[in-house]
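These are my notebook entries on a structure that I had not examined before. I set down what I looked up, topic by topic.

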Amino acid sequence: MRHNKLLNNLWDSRCNLSNLSNLILLTMALTSTSAFGQAQNVNVIPFKTNHQNTQYYEINLSDAPSTNNVLFFISGSGCQNIKNKLYDYFKPIHNKFDGVLYSLQKIGVNQDSDDSTCSKKFIENDFFDEVVKEQNLFIKSMLSALPIKPKHVVLIGASEGAVVAAKIANINNSITHLGLIGSGGDSLRNNLRLLSKVSFLFRNPDGKFKEIEANKESIDKTVWGHSYKYWSSILDVNVGDLVYSLNIPVVIAMGEKDKSVPIESLKNLKNNLENQDKENIEINIYPNADHKLIDQSLSKSYGPDFLNKLLDGLKK
């Protein structure tokens with residue numbers, strides 16, 4: 001059941017936090033108690049970040065969600081609309097997490113975006129520092145609008161979103177638990193060098209790196225599906241270093257057969273962490289699974305196992 005008309009009446013173009021608080025409470029009250037009965041129970045709510053309009057998605061993860069528990073999800077790269085993916089991915093933890101899920105849609109992505117052609121607005125905003133700023137602003141805005149300070153603020157990032165999430169966890173002390181999917185354990189520069197050994201698509205990475213460095217602000221020149229500006233902003237962000245600096249519980253998951261990020265980078269991080277006795281970080285490598293944690297040969301997803309391991313940390 002959609003309530004967009006009522007929600008839009010509450011929306012203030014200045015993103016007034018008082019109105020936002022009312023909006024959050026209203027959508028929680030109006031959402032069906034059968035939160036996963038139909039996909040339309042993913043609430044779509046307008047949001048303005050850095051003077052640009054986008055929207056966020058909200059799912060009640062229990063029949064009577066508590067504002068004491070909040071989960072934020074940051075998606076991977078590209079301009080595909082993430083609404084329907086959220087419904088499917090988080091369904092296994094319905095009523096296992098007594099709280100609400102929020103996920104901000106990237107700027108320049110509309111309801112029908114399918115990642116085949118990205119808008120100019122999306123490309124202009126598609127670089128690491130901007131995405132971190134947008135997502136962190138969203139998290140702060142949502143938390144400040146809640147009636148109480150949540151006990152648990154869980155942040156999950158997938159692929160590119162995992163790198164963004166790891167960065168935010170380092171600069172936003174509201175985050176209490178972090179989950180990363182398909183992140184690897186090194187910089188993208190080093191990951192691409194490893195991938196070049198097994199994939200023709202990533203041939204001659206160092207040659208491309210030089211071109212990127214010479215045109216680091218260009219959004220017109222592209223390689224590997226993104227602008228030079230995108231790559232310049234994220235190539236040397238090392239997710240392993242970001243994770244290592246954290247003291248909050250962190251659960252990292254990756255498929256053994258991941259073709260987008262080399263599994264070696266996470267194995268190296270795992271070995272380094274074991275030598276340093278970092279007990280707050282748990283690494284899970286799933287056999288025969290791909291970048292989405294799916295074993296295609298068995299049609300089995302390890303997503304639920306990852307989510308349950310992450311939620312187990314809330315009980316400690």
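**Entry 1: Helix α12**

I began with helix α12 (residues 303-312), whose buried residues are Gly 303, Phe 306, Leu 307, Leu 310 and Leu 311. Viewed down the axis of α12, these buried residues fall within an arc of 130 degrees, so they line one face of the helix. I then looked up what the buried residues of α12 pack against, and found α3, β5 (152-158), β6, β9, β10 and β12 (300-301). I note here that the model is a predicted one.

**Entry 2: The protein as a whole**

I recorded 12 helices and 12 strands in the protein. Of its 316 residues, 53% are buried. I also looked up contacts between residues at least 6 apart in sequence: 71% of them join residues at least 24 apart.

**Entry 3: Strand β9**

I turned to strand β9 (residues 250-255), where six of the six residues are buried, so the strand is largely enclosed by the rest of the structure. In a regular strand, side chains alternate between the two faces of the sheet. In β9, I found Val 250, Ile 252 and Met 254 pointing one way, and Val 251, Ala 253 and Gly 255 pointing the other way.

Next I looked up the partners of β9. Strand β6 (residues 177-181) runs parallel to β9 and is joined to it by four bridges; Leu 180 has Ile 252 as its bridge partner in β9. Strand β10 (residues 281-286) also runs parallel to β9, with six bridges between them, and Met 254 stands opposite Ile 285 in β10. From β9 the chain passes through helix α11 (residues 263-276) to reach β10, in a right-handed β-α-β crossover.

**Entry 4: Nonpolar cores**

I asked which residues have the most contacts inside the largest nonpolar core. That core has 57 residues, and the answer is Phe 72, Tyr 102, Leu 155, Leu 178, Leu 180, Trp 231 and Ile 252. Another core, of 29 residues, lies apart from the largest one, and Phe 73, Phe 97, Val 251 and Leu 310 are among its members.

I found seven of the nine residues of strand β2 (residues 52-60) buried, so β2 is largely enclosed by the rest of the structure. Strand β1 (residues 43-49) is antiparallel to β2 and joined to it by seven bridges, with Ile 45 opposite Tyr 56. The hairpin of β1 and β2 has two residues between the strands, and Asn 50 takes a positive phi near 50 degrees there. I also found five bridges between β2 and β4, which run antiparallel; Tyr 56 stands opposite Leu 104 in β4.

**Entry 5: The disulfide**

My count came to one disulfide. Cys 79 and Cys 118 form it, with their sulfur atoms 2.2 Å apart. The torsion about their S-S bond is about -85 degrees, so the disulfide is left-handed. The pair, 39 residues apart, links distant parts of the chain: Cys 79 lies in the loop between β3 (69-74) and α3 (83-90), and Cys 118 in the loop between β4 (100-104) and α4 (120-125).

Conventions
Residues numbered from 1 in each chain as written. Predicted model: local features only at pLDDT ≥ 70, side-chain atom pairs only at ≥ 80, totals over all residues. Heavy atoms only, no water. Buried < 20%, exposed > 50% of the residue type's maximum accessible area, 1.4 Å probe, protein only. Pairing = 2+ DSSP bridges. Right-handed = clockwise from strand over helix to strand, strands pointing away. Core = buried A, V, L, I, M, F, W, Y, C linked by side-chain atoms within 4.5 Å. Disulfide = S-S within 2.5 Å. Arc of directions from axis to C-beta. Contact = heavy atoms within 4.5 Å.
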